[in-house]
Amino acid sequence: MKTGIVVFPGTNRERDMAQAFRVVSGRTPQMLWHQQDSVEGFDLIVLPGGFSFGDYLRSGAMGAHSPIMKAVRQFAEKGGYVLGVCNGFQILTEAQMLPGALLRNAGMRFLSQDCHLKVEGRDSIFTSGWKHGDVFRAPMAHGDGNYTAAPDVLDRLEGEGRVAFRYCTAEGQVKDGDEHVNMNGSARSIAGVLSENRRVCGLMPHPENLTEEILGGTDGLPLFNGIMEALG
Amino acid sequence: MTAAPVDIELARSFGLKDDEYETVLNIMGRTPSLTELGIFSVMWSEHCSYKSSRLHLKTLPTKAPWVIHGPGENAGVIDIGEGLAAVFKMESHNHPSFIEPYQGAATGVGGILRDVFTMGARPIANLNALRFGDASHKDTKRVVDGVVRGIGGYGNCMGVPTVGGEVNFHSSYNCNPLVNAMTVGIARQDRIFLSAAAGVGNPVVYVGSKTGRDGIHGATMSSAEFDSESSSKRPTVQVGDPFTEKLLLEACLELMATDAVISIQDMGAAGLTSSAVEMASKGGVGIDLELDHVPQREPNMHAYEMMLSESQERMLMVLRPDRTEEARRIFEKWELDFAIVGKLTDSGRIIVRHNGKVEADIPLGPLADEAPIYDRPTVVYERQPALVAPADPCGIEAGLCRLLAGANGASRAWIWNQYDSGVGGQTVQRPGGADAAIVRVEGTDRALAMTTDCTPRYGQADPYVGGAQAVLEVWRNLTATGATPLAMTDNLNFASPENPRIMAQFVEAVKGIGDAGRALDFPVVSGNVSLYNETRGDDGSVTAIQPAPVIGGVGVLDDVRKAVGLAMPQDGELLLVGETRGELGQSIWLKEILGREEGAPPAVDFTAERRNGDFVREQIQKGLVDACHDVSDGGLIVALAEMAMAGDRGCILEKGPAGLAEHVYWFAEDQARYVLATKQADAVLEAAQAAGVPVSRLGRIGGDVLKLDGVMAVSVEHLRKQHASFFPRFMGQKEEDAPVVHLDEIS
């Protein structure tokens with residue numbers, strides 16, 4: 001498997017992401033500068049967390065217009081796999097490669113703490129490392145993670161099994177209105193979604209930061225194991 | 001701008017004393033130009049010249065075999081093994097943080113980050129030490145909100161995890177909060193970059209943001225006391241842009257991987273002036289600057305404004321001439337300004353030209369050598385007499401709950417949950433998990449332990465103890481994780497040195513720091529002094545802050561897997577290391593329960609401190625300890641409650657020794673103490689006896705209640721609720737008093 005990690009000016013979790021892939025595969029992904037206009041030859045493109053272009057406009061809005069995003073879009077249209085985490089998820093929605101948008105957190109503050117996620121997506125390499133309904137822990141670190149979309153879009157995402165992850169309690173209970181569970185106020189507690197062909201995935205929390213016991217746990221490993229199993 | 005005539009009046013308004021202006025006239029042999037006067041006034045400000053503190057700072061211990069660069073560089077550098085170095089420093093941004101808390105705190109973080117990556121290090125951790133006014137004061141909520149958002153806004157965007165810190169509330173900080181920020185970075189020992197310029201004829205290069213009119217005379221402002229007019233000084237507060245700083249960081253590290261850089265210095269306080277003067281002075285060369293080439297944000301800027309601007313995110317470098325174009329390409333890739341603004345000369349002078357005119361021409365030798373230095377008068381500091389222990393009015397359980405629910409004992413989770421503590425992917429212990437933050441060194445099994453500390457109420461009562469105790473607590477916090485403490489940075493926050501009583505505080509505190517550092521082989525490798533932290537009221541009365549000699553410490557763990565946290569494990573026994581004489585003077589209990597700030601602070605005993613600490617570290621390294629927490633604010637019972645809450649596990653405690661009242665035993669703040677959780681208590685006790693270390697049994701771990709037979713039985717859940725209650729209540733999430741969201745606050 002050949003993985004490329006896109007670096008925009010202001011990206012800051014590219015090393016975390018590379019480390020997670022190194023833990024499961026022993027191989028270090030290649031960093032791709034946002035100015036390049038091709039992503040040929042890769043099996044997976046990752047848009048990592050950070051503050052692309054400072055996110056001084058809407059989060060991800062500038063990043064979505066970087067030269068490399070044209071190539072990433074074409075790559076996805078041809079069936080390539082794309083994973084966007086945190087700012088990467090924001091960029092994928094701004095690029096309209098995933099539906100919805102990420103608003104300012106409901107509490108209007110940056111949130112940096114662990115949350116629990118329930119695995120709901122089906123038929124995707126990004127959820128195949130877990131069993132359907134599994135609950136795992138992941139750190140979140142964002143100011144704009146409040147997922148929103150029109151009700152019919154949300155219905156469709158749910159109907160098609162394209163809600164990849166939902167915020168929940170440690171026991172797996174989803175509580176939309178509870179600020180201690182659905183901390184950023186996301187519509188229907190959605191933390192991650194899949195594209196129609198299930199090959200593009202975006203999520204807000206950071207499984208890449210929980211891939212070694214010494215760093216607080218391995219709850220995030222199944223994401224990378226599932227990808228590795230599918231793409232080799 | 002209209003040029004005011006340069007005379008003694010103008011010099012005074014620039015913060016120069018009359019005799020200092022006399023010296024300027026003597027050095028120049030003529031009336032200085034406006035720009036020259038500006039340069040003298042900022043270089044000789046307290047902030048840049050350390051004129052009141054230098055004599056005393058020289059007494060601090062700064063050497064050890066593992067110290068690579070001590071004070072005098074942008075940051076201290078120590079050997080952490082495997083050819084790597086830790087580069088770190090702490091710096092204050094106090095005055096701006098009251099005027100404009102968000103930007104004040106944000107640019108404080110930006111400044112200290114630059115100090116560290118200027119030396120070639122990638123920052124791996126941010127910490128801070130914050131002191132706010134009384135929670136009931138009208139400004140406190142505004143300041144807390146802005147400072148926390150500012151620290152988060154800058155650090156989160158930079159991708160440097162904020163992993164530790166400390167917070168106090170006290171009325172002496174009502175209008176003068178303290179915001180001290182610390183950054184720790186990692187560099188290869190053979191790739192450390194210094195500021196001394198070299199090579200006559202070599203180009204002087206400006207990189208980073210453009211220069212604007214912000215922050216002009218910021219260094220002078222931070223060298224003066226506060227009054228009711230201070231809010232009109234808002235224009236002197238700089239505005240931070242963490243995105244540009246992130247680009248600057250990556251561009252500088254990319255450039256530093258080549259051999260292009262001869263020397264480099266960030267533009268912090270006093271901007272272009274201090275960076276140019278320092279680089280040239282340290283290198284023993286002259287420097288010519290052509291201001292026409294300086295990237296400018298605004299039209300028609302005067303030389304004076306450009307030389308004194310404190311616009312953020314800028315660096316000055318001396319490059320190898322044959323590598324200049326390579327360097328330019330790197331900065332263009334990162335879309336940052338890159339301009340050759342001058343060259344090194346053999347003139348021994350700084351010559352500043354603008355629009356074809358010489359705006360400044362100053363001999364560098366006298367500018368540095370004849371900078372004022374003061375041996376300010378002191379008085380004999382009146383220490384508080386020892387406290388006669390008062391009776392307990394409310395019982396242990398109620399006392400504990402009140403401490404945990406009070407401003408100074410409450411959980412800080414509300415704050416640290418706004419700081420990204422995991423970015424970088426190396427954070428082993430996040431805030432609240434251990435006595436010190438632990439961050440692994442990428443690609444190794446090593447880790448750094450880092451912490452900040454100070455107990456200002458101790459220093460108010462006895463400044464010597466205040467200085468020494470801050471060092472001891474930092475050293476203890478590092479030790480409690482199993483780390484070997486290596487070195488410290490100090491951030492000395494005091495009121496006006498022109499007041500002999502305050503100067504006495506300063507001198508005594510520095511003595512305390514020095515003695516403690518020498519006793520523990522724990523040298524000071526960098527630091528910062530912030531004076532004039534006082535407020536003049538409308539009636540002319542002056543409120544001085546409680547002195548805050550804040551210490552930041554760094555230790556190393558050769559094997560990160562041996563580190564321990566403070567969370568109560570599921571089972572085992574609890575042991576107390578160290579003696580309890582029952583020191584309640586200046587304790588949190590005394591203040592929160594009885595409303596008294598009295599008595600002598602707990603005594604410091606360097607021998608006991610070192611003996612107990614070395615013993616604890618050895619037990620952790622041997623793998624005998626499952627959790628460890630030092631005993632500090634609130635005493636033994638608060639330490640145990642914190643362990644219980646972190647581990648969600650209770651314990652059954654034995655009563656205190658006969659001869660001490662229960663409340664004295666449980667709330668006393670005697671130093672040099674640790675609580676250990678262990679499944680091998682007998683082995684630890686045996687080792688303690690052999691080593692001559694006082695260790696006693698405290699109780700057994702188990703259940704979900706903190707229990708003291710016949711005295712107290714309180715559920716861990718209840719304690720946690722109390723502990724978590726303060727900040728949400730104080731900051732209030734209700735609509736009518738919701739905090740203002742700053743436009744510049746970013747996701």
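A: UniProt, in an unreviewed entry, places the feature "domain: PurM-like C-terminal" at residues 200-354 and 571-704 of chain B. UniProt positions are given in the numbering used here, feature names are shortened, and annotations may be inferred rather than shown by experiment. This is a predicted model: local features need pLDDT of at least 70, side-chain atom pairs count only at pLDDT 80 or more, and totals for chains, interfaces and linings use all residues. Residues are numbered from 1 along each chain as its sequence is written, chains are lettered from A and ligands numbered from 1 in the order in which they are written, and side-chain values use heavy atoms, with hydrogens and water left out.

Q: How far apart are the ends of residues 571-704 of chain B?
A: Their end C-alpha atoms lie 12 Å apart, and the span is 40% helix and 18% strand. Helices (H or I, at least four residues) and strands (E, at least two) are DSSP runs, numbered from the N terminus.

Q: What about salt bridges between chain B and chain A?
A: The count is five. One joins the side chains of R430(B) and D114(A), at 2.9 Å, N to O. The term covers a side-chain nitrogen of Lys or Arg within 4 Å of a carboxyl oxygen of Asp or Glu.

Q: Different topic. How many aromatic pairs are there over all chains?
A: There are 22. Rings of Phe, Tyr and Trp (its six-membered ring) pair if their centres lie within 6.5 Å; planes under 30 degrees apart count as stacked, over 60 as edge-to-face and the rest as tilted. W33(A) and W334(B) form an edge-to-face pair, 4.7 Å centre to centre with 65° between the planes.

Q: Where do W33(A) and W334(B) lie?
A: W33(A) is in strand β2 (residues 30-33) of chain A and W334(B) is in the loop between α13 (324-333) and β11 (337-345) of chain B, so the pair joins two chains.

Q: Last one: where does UniProt put the "active site"?
A: The unreviewed entry gives H47(B) and H93(B). They are spread over 47 residues of sequence but cluster in space, with a largest C-alpha distance of 11.0 Å. H47(B) sits in helix α4 (residues 46-49) of chain B.
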